[in-house]
Amino acid sequence: MNNVAVISLGGSIIAPDKVDSAFLKQLNQELRTYLKEDKSRKIILVCGGGAPARVYQDAMRAIKEDIDSEELDWLGIRATHLNGQLVKAMLADLCTDNLVTDPTGHINFRGQVLVAAGWKPGFSTDNDAVILAERFEGKLIINLSNIAKVYTDDPKKNPDAKPLDAVTWTEYRAMVGDSWTPGKSTPFDPIASARAEKMKMRVVCADGRNIPNTMDILYGRTFFGTLIGSENA
């Protein structure tokens with residue numbers, strides 16, 4: 001299965017404050033065109049939690065300050081299931097499997113699309129994307145969020161932070177660390193990064209709201225974003 005594209009679709013662009021139906025409608029049209037051109041093409045979409053995850057996690061923290069991190073993770077996971085079911089319904093005729101909530105379980109993947117969401121606590125849906133890429137022989141993961149590029153530091157806190165066109169896994173992991181906390185905001189999850197580095201995968205981080213740019217990545221054209229895992233970074 002060497003014609004599979006794995007897309008980690010951030011919840012921040014599915015539901016930044018509420019569901020962005022205009023964005024999903026355009027993405028739906030573009031992905032359908034891409035898949036129709038070549039029936040051997042397949043796409044795995046792994047959906048994040050976005051606003052629903054944040055709203056419920058913040059509410060839980062307000063109710064109980066010492067809430068266990070695993071409970072917060074489960075709230076985020078349930079939000080990814082909601083977003084994932086929406087995306088699966090949008091592409092139902094191309095997706096014959098149920099929403100995947102365990103990337104290690106039984107999956108037919110007979111259709112052109114597979115839609116997945118959160119699995120279990122300890123990491124984000126980025127890690128699920130890596131597991132599915134490994135399982136279905138995808139060497140490139142397209143990580144779409146509301147961040148256009150990876151920076152040397154948080155640009156909101158450090159005005160001297162610089163955008164990167166490419167970065168090695170060693171360099172990237174030195175920036176984001178090795179640990180995961182529920183709701184942690186990094187371009188690509190530290191746990192997923194360790195797994196992707198081990199599997200010698202590459203990840204493109206790009207602004208998913210720029211759908212023409214996403215299609216450029218899918219078609220192998222010049223794109224705006226950051227390539228993680230480039231030996232030449």
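## Buried and exposed residues

A residue is called buried when its relative accessible area is under 20%, and exposed when that value is over 50%. In this predicted model, lysine 200 has a relative accessibility of 71%, and it therefore counts as exposed. Phenylalanine 109, by contrast, counts as buried, because its relative accessibility is 3%.

As a general rule, most residues other than glycine have a negative phi. Phenylalanine 109, which is not a glycine, has a positive phi of about 50°, and lysine 200, also a residue other than glycine, has a positive phi near 60°. Phenylalanine 109 is placed in the loop between helix 4 (69-90) and strand 3 (113-116), while lysine 200 lies in the loop between helix 7 (190-198) and strand 8 (202-207).

Strand 4 (residues 140-145) contains serine 145, and it pairs with strand 8 in the parallel sense over 6 bridges. Within this pairing, asparagine 143 stands opposite cysteine 205 of strand 8, and serine 145 has aspartate 207 of strand 8 as its bridge partner. Strand 4 is also joined by 4 bridges to strand 1 (residues 4-9), and these two strands run parallel. Here the bridge partner of serine 8 is asparagine 143 in strand 4, so that asparagine 143 can be followed from serine 8 to cysteine 205 when one looks at the structure, because pairing is described through such bridges between strands.

Strand 8 pairs in turn with strand 9 (residues 226-228), in the antiparallel sense and over 3 bridges, and valine 203 stands opposite isoleucine 228 of strand 9. Strand 4 is largely enclosed by the rest of the structure, because 5 of its 6 residues are buried, and strand 8 is likewise largely enclosed, because 5 of its 6 residues are buried.

## Nonpolar cores

The largest nonpolar core has 32 residues, and those with the most contacts inside it are Leu9, Ile43, Leu45, Val87 and Val113. Helix 2 (residues 21-37) gives the most to this core, with 6 residues. Apart from this core lies another one, of 28 residues, which includes Ile44, Val100, Ala116 and Phe136.

Which residues surround leucine 9, leaving aside its neighbours within four places in sequence? Leucine 9 is in contact with Ile14, Phe23, Leu27, Leu45, Val46, Cys47, Gly48 and Leu144. Among these contacts is Leu45, which also belongs to the residues with the most contacts inside the largest core.

A disulfide is, in general, a covalent bond between the sulfur atoms of two cysteines. How many disulfides does a search of the whole structure find? The search finds 0. Cysteine 47 is in no disulfide, and the nearest cysteine sulfur, which belongs to cysteine 95, is 10 Å away. Cysteine 205 is also in no disulfide, and for this residue the nearest cysteine sulfur is that of cysteine 47, 17 Å away.

Cysteine 47 counts as buried because its relative accessibility is 0%, and cysteine 205 counts as buried because its relative accessibility is 3%.

Methods. Residues are numbered from 1 along each chain as its sequence is written. This is a predicted model: local features need pLDDT of at least 70, side-chain atom pairs count only at pLDDT 80 or more; totals for chains, interfaces and linings use all residues. Side-chain values use heavy atoms; hydrogens and water are left out. A nonpolar core is a set of buried Ala, Val, Leu, Ile, Met, Phe, Trp, Tyr and Cys residues joined through side-chain atoms within 4.5 Å. Buried means under 20% relative accessible area, exposed over 50%, partly exposed in between (1.4 Å probe, protein chains only). Contact means heavy atoms within 4.5 Å. A disulfide is a pair of cysteine sulfur atoms within 2.5 Å.
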